[in-house]
Amino acid sequence: MRYFGQDVLACADELAEAYVEIFTSSPWEHRDAGTVRAAFRERLETDAHRPGFRALLAMSEDGEVEGFVTGWTTQAPFRTDRAYGEVTRRLGADRVNELLVGAFEIDELGVRSRARGTGLGRRLLSALTDAAPGGRAWLLTWSQAHDTLGFYHRSGWQEPEPVPGHETDVVVFLSPS
């Protein structure tokens with residue numbers, strides 16, 4: 001495994017290829033590969049400059065990205081773009097500030113199908129969250145990504161209760177602690 005900060009941009013093409021393969025297969029098969037690639041590359045350019053950004057890549061013997069995880073320290077004020085508004089609706093602003101702001105946010109975790117079932121996802125996740133500020137980390141995923149939900153549950157990650165009446169299709173997980 002190789003750790004990166006902003007220098008992850010030097011292998012952005014290889015990372016994007018793995019990202020597209022992973023996030024255009026089930027349950028995301030309805031997504032267009034070209035659109036997914038362009039959006040990921042654009043986000044990576046921005047995300048690599050966030051405070052506390054880190055990436056970890058697992059490479060195959062032939063130099064391909066087998067799996068990866070990226071993240072950064074969640075800053076205040078809590079973001080409202082992408083799915084962050086859903087997170088605030090699900091947990092409420094006070095709990096977002098208490099549980100998520102200042103914690104390490106796992107933004108992306110992906111393992112190519114040929115490397116699944118090897119423990120790579122768990123190793124990547126653990127390696128990046130082991131140094132989380134105060135041992136606190138969090139992530140979000142889609143409620144229809146059933147295999148993903150099961151993976152996080154088996155890994156000991158926990159879902160904070162949603163605000164009653166404010167369930168969304170975004171699921172928040174807190175790291176085991």
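The angle between α5 (residues 120-129) and α6 (residues 146-154) is about 60 degrees, and their axes lie 11 Å apart. Axes here are lines fitted to C-alpha atoms, for helices over the stretch in contact, with angles running from 0 to 180 degrees between N-to-C directions. Helices (H or I, at least four residues) and strands (E, at least two) are DSSP runs, numbered from the N terminus. This is a predicted model, in which local features need pLDDT of at least 70 and side-chain atom pairs count only at pLDDT 80 or more, while totals for chains, interfaces and linings use all residues. Residues are numbered from 1 along each chain as its sequence is written, and side-chain values use heavy atoms, with hydrogens and water left out.

The α5 and α6 pair crosses in a right-handed way (right-handed if the near helix is turned clockwise from the far one by less than a right angle, left-handed if anticlockwise). On the α5 side, Gly121, Arg122 and Leu125 make the contact, and they meet Phe151, Tyr152 and Arg154 of α6 (contact means heavy atoms within 4.5 Å). Sorted by class, this contact has three nonpolar, one polar and two charged residues. Nonpolar covers Ala, Val, Leu, Ile, Met, Phe, Trp, Tyr, Cys and Pro, charged covers Asp, Glu, Lys and Arg, and the others, Gly among them, count as polar.

Another helix pair is α1 (residues 12-23) with α2 (residues 33-47), packed at an angle of about 135 degrees with axes 9 Å apart. These two are therefore oblique to each other, and α1 passes α2 in a right-handed crossing. The α1 residues in the contact include Leu15, Tyr19, Val20 and Phe23, and those of α2 include Val36, Phe40, Arg43 and Leu44. The residues of this contact split into ten nonpolar, no polar and five charged.

Next come the charged pairs. The count comes to 14 salt bridges (a side-chain nitrogen of Lys or Arg within 4 Å of a carboxyl oxygen of Asp or Glu). In one of them Asp107 pairs with Arg43, the closest N and O atoms being 3.5 Å apart. Asp107 belongs to strand β4 (residues 104-111) and Arg43 to helix α2, so this bridge ties together parts that are 64 residues apart in sequence. Asp107 counts as buried at 14% relative accessibility, and Arg43 is buried too, at 18% (buried means under 20% relative accessible area, exposed over 50%, and partly exposed in between, using a 1.4 Å probe and protein chains only).

Arg112 and Glu64 also meet in a salt bridge, at 3.8 Å from N to O. Arg112 is in the loop between β4 and α5, and Glu64 in the loop between β2 (54-59) and β3 (65-73), so the pair links parts that are 48 residues apart in sequence. Arg112 is buried, with a relative accessible area of 6%, whereas Glu64 is partly exposed at 37%. Elsewhere, Arg79 bridges to Asp81 with the closest N and O atoms 2.8 Å apart; Arg79 is buried at 17%, and Asp81 is partly exposed at 36%. Salt bridges that share partners also join Glu21, Glu64, Glu66, Arg112 and Arg114 into one network.

Most residues other than glycine have a negative phi, and most peptide bonds are trans. Ala76 and Pro77, however, are joined by a cis peptide bond with omega of about -5 degrees, and Pro77 lies in the loop between β3 and α3 (84-91). Arg82, found in the loop between β3 and α3 as well, has a positive phi of about 50 degrees although it is not a glycine. Arg82 is partly exposed, with a relative accessible area of 44%.

As for α3, its buried residues are Tyr84, Gly85, Val87, Arg90 and Leu91. Their cover includes β3, α4 (93-99), β4, β5 (137-142) and β6. After α3 comes Gly92, whose phi is positive, near 90 degrees. Finally, Ser175 lies in the segment after β6 (170-174) and is buried, with a relative accessible area of 8%. Not counting residues up to four places away in sequence, Ser175 touches Gly135, Arg136, Ala137 and Trp157.

Terms used:
Angles under 35 degrees count as roughly parallel, over 145 as roughly antiparallel, 65 to 115 as roughly perpendicular and the rest as oblique.
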